[in-house]
Amino acid sequence: MSIRKLVFAALLTALSLTLFIIESMIPPVLPVPGFRIGLAYLPVLFSVYIGGNWSLYDTALILISRILLSALTSGNLTALLFSSAGGILSFTAMALTHRFIKEPWGAFPAGIFSAVMHNIGQISAAALIYTASVFAYLPVLAVASVITGTFIAASVWLIIRKPNKIINKIKNIK
Amino acid sequence: MDKRKVICLAAVIAIVFFSLLALLLTGNIKNGNTACIYSGGKLVKTIDLSTAENQTFTISGEDGGRNTIEIKDGTIGVINADCPDKICVHTAYISDGVQPIVCVPNRLVIRIEASRQENSHVD
């Protein structure tokens, strides 16, 4: 990884972390614990679907750094467990979708599946720590994450669907 | 149309369909009217909502978290809590088994369950 690409990956990580913090300031839309819009996954999904010289290895690097840094900023170890359980599952979902669909529209299924998987991971972690009754929230969260996943995917798709000068420059960072 | 688009669309519709189905099925379990209050995974209090008088009381968790619970006209809700997110307070009063009230920071769960013996539950 060249310095140029490392800097850009760090930029995406910083963007993801900033969105994560901004998101925690927004009052909850639904009175369901664990519900988030998932803005922090915007740069992550972007790095999956920009293509060019960006590989899933870079995405994993961005995601892991973001999860560790967000645990540091919030100072919450339980949150680290929740977000890493969700992160691993949602990364798997994104990677699998990208494996079969490489066109820009693949951001939609990738966004939706990763959002749903993120919630499944998070609820499973919560069920391990607290009670299994938190699974009662899964149906509500699954429907909500289909909506938020579509929103995140639409944002990414709007950025990458028509290649322009800037996108191509980012794409071809060696 | 691309075959992969159809598969993705079908998968998303399946997720939504099964979630809604699960919501409807859990919504059918409405015969219970006993509010079970769990703190730290242990059943600490059961109240028969159909006969209970209007009252307020406070449950203290093992970590020192306190939730003030109110019973009003056969419904139960949290009116005050010292947790940081206050999600339990923002959850409306409940009277059926569709949605529990959960306070994750204080490890408090309030669920409406079918009437049963207090000691039959091993959690």
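Keep in mind throughout the tour that the model on your screen is predicted.

Now widen the selection to the whole of helix 2, residues 41-49, and the whole of helix 5, residues 107-129, both in chain A, and look at how they pack, with their axes 11 Å apart and at an angle of about 140 degrees. Because an angle over 145 degrees would be needed for roughly antiparallel, helix 2 of chain A counts as oblique to helix 5 of chain A. If you turn the view, you can follow helix 2 of chain A as it passes helix 5 of chain A in a right-handed crossing.

Next, colour chain B by secondary structure, which comes to two helices and seven strands, and trace the chain along its sequence, where the pattern reads α-β-β-β-β-β-α-β-β. Of the 123 residues in chain B, 21% are buried.

Finally, show both chains together and select the place where they touch, in which 22 residues of chain B are in contact with 18 residues of chain A. On the side of chain B, helix 1 (3-27), helix 2 (87-90) and strand 7 (108-113) each supply at least two residues, and the largest share, 10 residues, comes from helix 1 of chain B. Colouring this side of chain B by residue type will show 13 nonpolar, five polar and four charged residues.

Terms used:
Residues numbered from 1 in each chain as written. Chains lettered and ligands numbered in written order. Predicted model: local features only at pLDDT ≥ 70, side-chain atom pairs only at ≥ 80, totals over all residues. Axes fitted to C-alpha atoms, helices over the stretch in contact; angles between N-to-C directions. Helix = DSSP H or I, 4+ residues; strand = E, 2+ residues; numbered from the N terminus. Parallel < 35°, antiparallel > 145°, perpendicular 65-115°, else oblique. Left-handed = near helix turned anticlockwise from the far one by under 90°. Contact = placed C-beta atoms within 7 Å. Nonpolar A, V, L, I, M, F, W, Y, C, P; charged D, E, K, R; others polar. Buried ≥ 20, exposed ≤ 12 C-beta atoms within 10 Å, placed from the backbone.
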